[in-house]
Amino acid sequence: AFNDKSYSEEISSIARDKKIRELNAHADESKIYVDVQSIKSGDLSEVQTLFENYEAAESQTELLKQSAEAELMDFLKNIASDIDIVYVEPTVRQQEIVNYKYEILSKIFQLVRDQFLFNPKSGLDNYLSTRIRHGTLVNKLRNSFELGNLVTNTINGEYSSNDYWISRKFGLRDTKVLQCIALFSQFSTTIDGIISRIKNDYIQVKTEDAKDKNDGCFDYQVEYFSNDIKTLLQRTDIVTSEDCIDAVFEILWEHTEICLESVKRRLAEAQVEMLDALKQLEKDVAEIVGISNSAWRQFNDAVIQCQSALQTDVQAVIAWFKLSNYVDFTFTIDQVISSCKAFVENYNRAPINIEIELDTEKDEIRGEYFGTLYDMFHDLLNNAQDNENETKVGGLCVINVSKNMGFLNIKVSNPVAAEIEQDLIEKVKKTNDSLDALLTRGRSRADNNSGCTKIFNAVHNHLGSWNNKYINQVDNHRFVASISIELDKIKARKHESIVS
């Protein structure tokens with residue numbers, strides 16, 4: 001009986017791990033996203049007005065043709081009845097109208113494009129920030145260097161000494177210590193500089209109104225779309241503003257594919273830079289430490305392992321940059337939490353201890369909400385991890401999930417260092433009061449890069465109900481994020497079954 005129980009537990013563990021891997025793969029494959037339906041259901045009244053002007057211009061073109069043709073035929077008949085009548089279009093006036101129509105379509109295109117890119121709740125830049133730039137990218141690309149203890153973190157703006165190699169492994173003394181401190185600090189600076197360039201320069205959206213993003217790979221300047229807009233002028237199947245909006249979205253998705261290829265090239269170039277820096281580090285350390293040092297072989301192995309892991313991690317990041325292909329599935333709340341927990345534990349050198357308390361049956365949730373819930377828990381756990389990295393307070397990050405009156409109640413809490421508690425209380429109150437305004441104005445980064453605005457957006461705009469709630473507080477020396485989600489709005493329908 002004992003063996004049967006042990007075997008059953010092992011099978012359950014394997015199935016659980018398999019599901020977590022599948023969900024993490026799904027999270028990786030759905031990072032490039034725009035909530036087109038939310039944008040289309042929002043306020044696009046200006047597009048409707050412009051399209052009505054476009055239609056009026058179309059009617060004017062047709063009337064002009066008919067009027068000019070009639071006048072010309074009357075004139076020719078009056079001067080000579082035996083002349084073959086040849087129709088000559090009124091090109092100047094007609095060209096003016098064509099130009100006017102082009103300007104209207106250009107304006108429509110820019111309005112839809114800006115919603116596609118910058119809608120603070122549903123646009124591409126929001127999802128690039130939430131799913132890639134905020135924590136995920138840096139953790140993934142820094143991971144291989146941290147595993148080998150080859151980089152350190154900053155304290156008060158300066159990189160800490162790499163004591164792991166300098167003191168514990170190499171056992172250096174005298175001037176060699178200072179040389180190696182400078183060497184490892186410079187290496188950390190180089191690697192973090194490359195990763196920062198990817199995050200802050202390459203994975204950015206650029207338009208004619210955002211030219212400060214000079215190296216942004218997501219370049220949607222309107223000048224690139226002049227031929228597409230001219231093609232729209234010729235299409236006869238665009239008869240409503242909705243048709244026009246759909247046509248613009250189609251063009252934008254096609255251009256996004258080009259932008260994604262640009263990101264992949266930049267990532268490949270960055271990989272070469274990081275590998276070159278790693279080779280140079282190995283060479284410089286050999287000159288200072290000497291290959292006769294008892295720990296040299298261990299250091300050399302760490303460099304080799306880092307080279308391999310880095311290439312694997314960069315390829316994984318490159319795979320993020322493709323258009324999402326949605327596949328319908330269902331999942332449970334404990335599975336999405338476990339997926340985020342696995343990510344935090346895999347890509348942090350000293351992961352925070354996470355305890356999950358589930359006081360609810362395993363309701364199945366529709367797959368369309370997985371990305372949003374994953375983003376939400378990722379940001380919550382990322383904040384807890386950042387707090388632990390900075391304060392070293394220890395203790396548990398506790399995730400409690402219960403159900404009451406049709407709502408899924410979630411509390412994520414972590415301990416707060418005593419010396420920052422009062423300051424944090426004031427910051428939390430100020431942040432709670434400003435989240436809606438920050439989101440509406442598209443200023444999510446003004447929340448001190450905490451991700452709170454993104455969490456607010458997920459809870460209130462992408463999880464099915466206006467009745468959802470999200471609030472932060474400091475209680476009993478712990479930071480507590482409290483979230484309530486109306487369960488019926490996100491639950492799987494009865495005919496759907498969970499994907500194992």
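The following questions and answers look at one asparagine and several aromatic rings in a predicted model.

Colleague: Is N162 buried or exposed?

Modeller: N162 is found in the loop between β2 (158-159) and α7 (163-169). Buried means under 20% relative accessible area, and because the relative accessibility of N162 is 3%, this residue counts as buried.

Colleague: How many residues apart are Y33 and Y127, which form an aromatic pair?

Modeller: The structure holds 18 aromatic pairs, and one of them joins Y33 and Y127 edge-to-face, at 4.9 Å centre to centre and with 85 degrees between the planes. Y33 lies in the loop between α1 (2-29) and α2 (36-40), whereas Y127 lies in helix α5 (residues 124-133), and the pair thus links distant parts of the chain, with a separation of 94 residues.

Colleague: Which helix holds F187, the ring partner of F145?

Modeller: F145 and F187 pair edge-to-face, with 5.8 Å centre to centre and 65 degrees between the planes, and both residues are buried. The pair links distant parts of the chain, since F145 sits in helix α6 (residues 136-147) and F187 sits in helix α8 (residues 175-202).

Colleague: Over the ring of which residue does the charged end of K31 sit?

Modeller: The charged end of K31 is placed 4.8 Å from the centre of a ring, and this ring belongs to W320.

Definitions and conventions
Residues numbered from 1 in each chain as written. Predicted model: local features only at pLDDT ≥ 70, side-chain atom pairs only at ≥ 80, totals over all residues. Heavy atoms only, no water. Helix = DSSP H or I, 4+ residues; strand = E, 2+ residues; numbered from the N terminus. Buried < 20%, exposed > 50% of the residue type's maximum accessible area, 1.4 Å probe, protein only. Phe/Tyr/Trp six-rings, centres within 6.5 Å; stacked < 30°, edge-to-face > 60°. Lys NZ or Arg CZ within 6 Å of the ring centre and 35° of its normal.
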